[in-house]
Amino acid sequence: VEILKSMTSCQITLSSAFPVPPPAVSWTNAGFRIRTKLPVPLTSSPSLADSSLLESYTEGEIRQLISALVERYSQAMNSGGHELPLFPRTGSRRKRARARHKPCALKELEVSVSELGLGYESDETVLFRYCSGTCEAAVRSYDLSLKSMRSRRKIKKEKVRARPCCRPLAYDDDVSFLDAYNRYYTVNELSAKECGCV
């Protein structure tokens, strides 16, 4: 009964999701891929039961599509009863876009001395503070003019940056540690203390 209900809901989903006949499904080693066909002229809203729609696909292709949708429904039920969308949502894409446009700020990360890449061998850990983010709000007339000069090829070979960069404005206290051979070292200007767009 549950499978019949799911197939009925799948029919409704397909009729609203596809302004043209739904794509056929073909199986590969990595799963299933969707291949499209030319749309069939319809006089009314398409549904899985339309004869014109059924004529566009073989019985095997329709069976594969239904079995794929039923399997997707079963996976959703096994994962907590939430329906999986037929197409991926754009919410995660928007979240990633917002993450890329966060303003310049100070962040921190606990790492070992060896992971700093300064050539020391030590298992001691330090708190590494760094600057991360964009500086779009800090763009000045200088940056806009410099970008224009580069696009007009007025400035060619010089290495110039046409936008401000998120960098440390001040550095934290010196960091001291023992290496793997019990030798004592002190490193200055290792972590950022304050960040800004420069």
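**Salt bridges, up close**

**View 1. Arg 183 pairs with Asp 179.** Arg 183 and Asp 179 form a salt bridge whose closest N and O atoms lie 3.0 Å apart; a salt bridge here is a side-chain nitrogen of Lys or Arg within 4 Å of a carboxyl oxygen of Asp or Glu. Asp 179 is buried at 8% relative accessible area, while Arg 183 is partly exposed at 44% (buried is under 20% relative accessible area, exposed over 50%, partly exposed in between, with a 1.4 Å probe and protein chains only). Searching the whole structure gives three salt bridges.

This is a predicted model, where local features need pLDDT of at least 70 and side-chain atom pairs count only at pLDDT 80 or more, while totals for chains, interfaces and linings use all residues. Residues are numbered from 1 along each chain as its sequence is written, and side-chain values use heavy atoms, leaving out hydrogens and water.

**View 2. Glu 108 meets Arg 129.** Here the closest N and O atoms of the salt bridge are 3.4 Å apart. The pair links distant parts of the chain, 21 residues apart: Glu 108 sits in strand E3 (residues 105–112) and Arg 129 in strand E4 (residues 125–132). Strands are DSSP runs of at least two residues, numbered from the N terminus. Glu 108 is partly exposed at 48%, and so is Arg 129 at 24%.

**View 3. Arg 129 also bridges to Asp 172.** This salt bridge spans 2.8 Å, N to O. Asp 172 lies in the loop between strand E5 (166–171) and strand E6 (175–178), 43 residues from Arg 129. Asp 172 is partly exposed, at 23%.

**View 4. One network of shared partners.** Glu 108, Arg 129 and Asp 172 are joined by salt bridges that share partners.

Terms used: Helices (H or I, at least four residues) and strands (E, at least two) are DSSP runs, numbered from the N terminus.
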